[in-house]
Each structure stands twice: as C-alpha cells, then as structure tokens.
Amino acid sequence: MDEPIDLTNLSILIVDDVKSMRSIMRKTLKGLGIGQVPHVAENGVDALKILHANRIDLAIVDWKMPVMNGHELLESIRNDKHLRDIPVLMVTAESEKDLVLEIAEVEVEGYLLKPVTPSVLEEKIRAVMHQVLHPDLATRHIRKARALEEKEELKHAIAHLKEAVKLRPKASRHLRNLGLLYEKAGDEAKMVAFLKKAVAVNPMDAVTMKILGDYHWRHEEWAEAAGYYMDVMSLTRKYTDRTIELGSLLLQRGMLGLAQQVFDMAFNHGPRDISIKEQIVDTCIEAEQYEYALRLLKKLMREYPSNYDFAFRAGLIYDKTEQLGKALE
C-alpha cells in the first residue's frame with residue numbers, strides 16, 4: 001500500500017492574472033496546510049522566469065491570461081527538458097472545459113473548475129502528486145524514451161514510445177512524438193502514418209496538423225499542405241502568418257483557387273487585428289488578383305463602414321481595371 005503523501009513542503013507556483021484569484025488560492029492552500037509560501041506570477045512569461053529560477057513541485061495555472069496564456073505556458077513547459085516533468089493543474093471556467101480538454105490533451109495532469117473549492121483542490125493535488133511519486137507504466141516508458149532520444153539511441157526510444165502508445169492509444173501527443181522520432185530516424189513514411197493517426201484520434205490537434213502541413217509544403221504537395229493549414233486555421237489563430245505565407249506562395253505558382261481558399265480561412269478565422277486582413281488584401285492587389293481583392297474589401301467596408309481607406313482602395317482597383325464610374329463612386 002502506498003504511504004500517505006506529505007503535501008506540507010511542496011513548492012507551488014500559482015499563475016493567474018487576477019490578483020484576487022492569486023490571493024484566494026494562496027489562502028486556500030494555507031488553510032489546507034499544503035505547501036510552503038507559494039510563488040505567484042501574473043502571466044506565463046513571469047511564470048517561466050520563476051520556473052527556471054526555483055524548484056517548483058506543482059504549477060497551478062489559469063487558462064485565460066494576457067501576454068502568455070495557460071496553453072502557451074503549458075507548451076513552453078513541455079518543450080523544455082528542464083521543466084517538462086513539472087505537473088500542471090489548469091484552472092478554467094466550466095464553459096471552457098471541453099476546449100481545454102481537446103487542446104491540452106494529455107499534457108496537463110488535471111483541471112480545476114471555477115469556483116475552486118478547498119476539498120476539490122486538495123483532492124486534485126493529492127491525485128497529481130501521487131502520479132508524480134508513483135508514475136504509471138506509460139509514463140515510465142515515455143521518460144525512458146526521452147532519455148534514449150537524448151542519447152541518440154532512436155531505435156530503443158521508438159520501442160519504448162510504442163509501448164506507451166499501446167497503453168494510451170488515444171493520446172495524440174504520444175502518437176505525434178512517435179512520428180517525430182521516426183522522422184529523426186529517417187523513416188518519413190512511418191512519420192506521416194503516426195502523425196495521421198494522431199490527428200485521427202484527436203481532430204483538435206492543431207500542432208500535428210501544422211507539422212503535416214509543413215511536410216507536404218516541403219514536398220510541394222500543395223493541395224495537401226493547404227488542406228492541413230486550413231484545418232489549423234479553423235482551430236487556432238496561432239499560425240496565421242504562416243498560412244498567409246502559404247497563400248502568397250500559391251498565388252505565385254498560379255494556383256489561384258487554392259490560394260483564395262487559404263486566404264478565406266485566414267481572413268475569416270484569423271486574428272481580429274485588422275492589419276492581418278489588410279495584409280491579405282494588399283498581397284492580392286500586388287498579385288493583380290483584383291476581383292478577389294474587391295470581394296475582401298467589400299467585406300471590410302461592411303464591417304468597418306467608417307474606415308474610408310477601404311473604399312479608397314476599392315476605387316483604386318476600379319481605376320486600374322478601367323471601371324471609372326465605379327471608381328468615382
């Protein structure tokens with residue numbers, strides 16, 4: 001039987017942009033007798049500085065934050081070999097839970113739904129620290145695979161990660177990492193096969209879709225690359241610049257229909273920053289795709305009726321295409 005876990009000496013990091021929430025979490029932990037005086041950070045950037053400078057046993061991270069949100073912080077932790085094994089509890093509102101589960105997948109050890117009650121907080125921390133002290137077989141295979149990969153013993157690393165995948169067949173992150181291991185070993189066919197499996201088990205895995213898009217981009221398989229990038233844009237705005245770059249390249253290669261599909265996704269699903277939409281319009285004007293640029297400008301004119309710059313640009317296009325009546329209008 002496992003011995004009771006002593007939580008009194010844990011070094012805990014609380015990451016939340018709301019001062020009152022940080023204060024409540026600190027008081028709750030103190031009342032439960034869990035941990036020393038916790039470290040606190042207002043966002044992911046500050047949290048990373050604390051993580052690199054201190055021994056942290058557990059991070060309790062809010063999902064929505066400025067500067068660097070919870071998901072971005074989680075990615076940074078998992079991609080840093082010095083931090084990647086730190087357990088993370090993600091704090092989220094009930095309405096966000098499904099989204100977080102789909103995106104973060106197995107990268108996070110647990111979730112806390114707001115409002116956080118003391119009993120649930122203690123239960124979650126005990127469960128997480130039990131997993132840390134008594135890792136399951138899949139976790140042990142994953143850690144062994146990482147160590148072997150760092151020693152460039154790729155064949156043995158692949159063998160251990162395959163065992164982890166057998167134990168967690170629905171974990172797209174492990175399937176993705178197995179694919180990337182095969183890439184390092186020079187087997188692109190198996191890389192693609194496992195990346196596709198990752199997307200099949202988790203249709204919200206935008207990271208793997210982006211990797212597949214880049215693979216097809218490198219091989220100049222434009223329809224496949226565009227398809228994956230459009231899927232990515234439907235999930236996240238993170239790769240908008242790269243998507244626009246792909247659309248511009250498709251224009252240069254004369255693949256106008258495909259380029260417009262890519263631009264439409266970036267235009268409609270990208271950041272609300274108007275400069276992104278202006279960038280797409282300007283790219284199309286420079287490529288003399290006037291009809292499509294006009295269609296986008298008309299959308300912008302409806303969306304921003306007081307911004308007369310869009311009407312002026314439309315007038316310039318009509319002038320270039322010798323439609324003087326519409327240009328004057």
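Predicted model: local features only at pLDDT ≥ 70, side-chain atom pairs only at ≥ 80, totals over all residues.
1. Let's start with helix 5, which covers residues 118-133. Its 16 residues reach 22 Å from the first C-alpha to the last, close to the 22 Å expected at 1.5 Å a residue. Which of its residues are buried? They are Leu 121, Ile 125, Val 128 and Met 129. Looking down the axis of helix 5, you will find these buried residues within an arc of 95°, so they line one face of the helix. The general rule behind this is that an α-helix has 3.6 residues a turn, so residues three or four places apart point the same way.

2. On its other side, Ser 119 and Glu 123 are exposed. The buried residues, in contrast, have a cover that includes helix 1 (19-32), strand 3 (58-62), strand 4 (88-92) and strand 5 (110-113).

3. Next, look at how nonpolar residues gather. In soluble globular proteins, nonpolar side chains tend to be buried together. Here the largest nonpolar core has 34 residues, and Leu 250, Phe 263 and Ile 280 touch the most other members. Helix 11 (222-233), helix 12 (240-252), helix 13 (256-269), helix 14 (274-286), helix 15 (290-303) and helix 16 (308-320) each supply at least two residues of this core. Apart from it lies another core, of 25 residues, including Ala 157, Val 165, Val 192 and Val 199.

4. Not counting residues up to four places away in sequence, what does Phe 263 touch? Its partners are Ile 244, Gly 247, Ser 248, Leu 251, Ile 280, Thr 283, Cys 284 and Tyr 292.

5. Val 192 sits in helix 9 (residues 188-201). Is Val 192 buried or exposed? Its relative accessibility is 11%, and buried means under 20%, so Val 192 counts as buried. Leaving aside neighbours within four places in sequence, Val 192 is in contact with Leu 212 and Tyr 215.

6. The largest pocket has a volume of about 970 Å³. Its lining is made by 38 residues, and those nearest its centre are Arg 78, Ile 142, Arg 146, Arg 173 and Asn 177. Helix 3 (70-78), helix 5, helix 6, helix 8 and helix 10 (206-218) each supply at least two residues of that lining.

7. The structure also holds one cavity of 30 Å³ or more. The largest cavity has a volume of about 50 Å³. Which residues line the largest cavity? They are Ile 14, Val 15, Asp 16, Met 21, Met 25, Ile 60, Asp 62 and Val 91.

Methods. Residues numbered from 1 in each chain as written. Heavy atoms only, no water. Core = buried A, V, L, I, M, F, W, Y, C linked by side-chain atoms within 4.5 Å. Buried < 20%, exposed > 50% of the residue type's maximum accessible area, 1.4 Å probe, protein only. Helix = DSSP H or I, 4+ residues; strand = E, 2+ residues; numbered from the N terminus. Contact = heavy atoms within 4.5 Å. Expected span 1.5 Å × (residues − 1). Arc of directions from axis to C-beta. 1 Å grid on protein atoms, 1.4 Å probe; cavity = no way out; pocket = protein on both sides within 12 Å on 5 of 7 lines; lining within 4 Å. Points joined across faces, edges and corners; volume = space filled by probe spheres on them.
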